[in-house]
Amino acid sequence: MGAAGALGWLLPPLLLLPALPRAAGARPCSPKYFGRDAMVCVCNAMYCDTLDPVVLPASGTYVKYESSKAGKRLERSEGSFQRSLRAPDLVLTVDTTQRYQKVKGFGGAMTDAAAINILSLPETARDHLLRSYFSEEGLEYNLVRLPMASCDFSLYAYTYDDVPFDYELTHFSLSDEDTKLKIPLLHQALAMTKRPLSLYASPWTSPAWMKTSESFVGKGTLKGQAGDKYHKTWANYFVRFLDEYAKHNLTFWAVTAENEPMAGLINNYPFQCLGFTAEQQRDFIARDLGPALANSSHRDVRLIILDDNRLHLPHWAKVVLEDEEAARYVHGIGIHWYLDFIGPIQDTVVPTHELFPDYFILGTEACTGAGFWERDVILGCWERGNQYSHSILTNLNHFVAGWTDWNLALNLEGGPNWVKNYVDSPVIVDSSEGIFYKQPMFYHLGHFSKFIPEGSQRVGLVASKESKKTDLEYTAFLRPDGAVVVVVLNRSLQNITFGLADTVGLIAAVAPASSIQTYLWQRQ
């Protein structure tokens, strides 16, 4: 019996209320505007907005979270299902007999730049930032992608063994960026997460001495061919990376075979890359990387192919996975969002899933502000949040198992980045003020990550006959705890009235103009 229980007979009942297991209470956004409707939430050492842990509502009721251009940020409300109600024209009906993919999760990348920015904050503010992403009072991310050594979002180019012709990898060692920046932050994140955190790693470049270009950048592949000493050494480099992180008590869920393998086939490519055609990746996996992982203590680490724009599907998957030797080592396919506008999902991801249903497909990188025609950072931009949730919804509705954002945090410029390839991020740090801004993208991601835990399964959400044409975008999931989650995005400028129907009854709902909502309820 706890102290409160022992004292219970001494105290009036009301005084016992604080002893009930309940969070301190959600703290609202502290808004700052950068022009009309361009709102961020400001956090510092003293204050940061928080959420309550998700609690399933009582039977016959639902909970709704809403964010909007008008200024709501994951605002929680409750309501009851109606038993008899004149149904609106548009009714979305949950159909759990239609079962699709299971979810792996959502998250972002701990690049050198992200770590530098997070660590530039005072300790309490840094704690707020990590809690905002990983804890029950935040978005509850469960995926973190890590570059293996440097990428463009580093201060300089390096690998873990830049001593020429060290085929034994005798000089292999993690960098200060790992041991002093990324690893301590990952341990802090792990300490505050309730959900298991799945780490996955991606290399940008091998040591230059292994490459045809003898350079970290520009067009270049591994020297020689699959099965030779260069390919064997590069495969062993993956194992050594996993070994070294294991010494720091960090184990990985997966590795990708190479970040954007097509980049290294482009003349004068401006930052770290290593070129592979689909055929070269197939042979490297079959002869070198697959066996190296299988024969190591990391045989349970998943291997993800492609890790590049979905434009290359289904061709890339066919080349690698129709080869039995390579396919036996592969578990999933990673996709980046950058050329989505010229590779429709129906022509790329869908046929890939139909051909290879046993391999998961995961969104492994996305960010806004990456186009040369775009502004790098636009503080408070609602439209960039829309781009995130539109992408996530489209992917989830076409067999993709999760979605990983790029840098977890960047500075006001959208860096640091050693080749000045600045982009935007859901969290922007202003270290001169000791503050950070949570952007609309942050909250859009949270509408998925916080409510759709790993193991949730997508189910049918069927629109009533009359209104197949609607501006609403939506998806539905059955969580492992049996609750239903529905996410509804309205990118239009009009409020849209609709109904949500399940065995429990009907919700009479409105999706305000420029809003995103997450509904959660228990089934009967």
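Me: OK, so strands here are DSSP runs of E with at least two residues, and helices are runs of H or I with at least four, both numbered from the N terminus. Which strand is G108 in, then?

Reply: G108 sits in strand β6, which covers residues 105-109. Keep in mind as we go that this is a predicted model.

Me: Thanks! Is G108 buried or exposed?

Reply: G108 has a relative accessible area of 0%, so it counts as buried.

Me: What does G108 touch, if I skip residues up to four places away in sequence?

Reply: G108 touches Y141, L143, V144 and R145, and also T404, D405, W406 and L408. Take W406 as an example: it is 298 residues from G108 along the chain, yet the two C-alpha atoms are separated by 5.4 Å.

Me: Switching to helices. How do α5 and α6 pack?

Reply: Helix α5 (residues 229-247) and helix α6 (residues 278-294) pack at an angle of about 30°, and their axes are 9 Å apart. Angles under 35 degrees count as roughly parallel, and therefore α5 and α6 are roughly parallel to each other. Their crossing is right-handed.

Me: Which residues make that contact?

Reply: On the α5 side there are H231, K232, W234, A235, N236, F238, V239 and L242, and on the α6 side F284, R287, D288, L289, A292 and L293. Sorted by class, the contact has nine nonpolar, two polar and three charged residues.

Me: What about α2 and α4, at what angle do they cross?

Reply: Roughly 70°, with the axes of α2 (residues 112-119) and α4 (residues 176-192) coming within 9 Å. Angles of 65 to 115 degrees count as roughly perpendicular, and therefore that is the label for α2 and α4.

Me: Which residues meet there?

Reply: D112, A115, I116, I118 and L119 in α2 meet E177, K180, L181, K182 and L185 in α4. That contact divides into six nonpolar, no polar and four charged residues.

Me: New topic: the nonpolar core. Which residues touch the most other members of the largest one?

Reply: F134, F241 and L321 do, in a core of 134 residues. Helix α5 gives the most to this core, with nine residues. Apart from it lies another core, of 24 residues, with L92, Y474, I496 and W521 among them.

Me: Why would nonpolar residues gather like that?

Reply: In soluble globular proteins, nonpolar side chains tend to be buried together.

Me: Got it. What is L321 in contact with, beyond its neighbours within four places in sequence?

Reply: L321 is in contact with I305, A327, V330, I333, F356 and Y359.

Me: Now α11. How many of its residues are buried?

Reply: Ten of the ten residues of α11 (residues 440-449) are buried, so this helix is largely enclosed by the rest of the structure. One of them is H447, which has 0% relative accessibility and therefore counts as buried.

Me: What surrounds H447, again leaving aside neighbours within four places in sequence?

Reply: H447 is in contact with Y65, E66, S67, L74, V487, I516, Q517 and T518.

Conventions: Residues are numbered from 1 along each chain as its sequence is written. This is a predicted model: local features need pLDDT of at least 70, side-chain atom pairs count only at pLDDT 80 or more; totals for chains, interfaces and linings use all residues. Side-chain values use heavy atoms; hydrogens and water are left out. Axes are lines fitted to C-alpha atoms, for helices over the stretch in contact, and angles run from 0 to 180 degrees between N-to-C directions. Angles under 35 degrees count as roughly parallel, over 145 as roughly antiparallel, 65 to 115 as roughly perpendicular and the rest as oblique. A crossing is left-handed if the near helix is turned anticlockwise from the far one by less than a right angle, and right-handed if clockwise. Contact means heavy atoms within 4.5 Å. Ala, Val, Leu, Ile, Met, Phe, Trp, Tyr, Cys and Pro count as nonpolar, Asp, Glu, Lys and Arg as charged, and the others, Gly among them, as polar. A nonpolar core is a set of buried Ala, Val, Leu, Ile, Met, Phe, Trp, Tyr and Cys residues joined through side-chain atoms within 4.5 Å. Buried means under 20% relative accessible area, exposed over 50%, partly exposed in between (1.4 Å probe, protein chains only).
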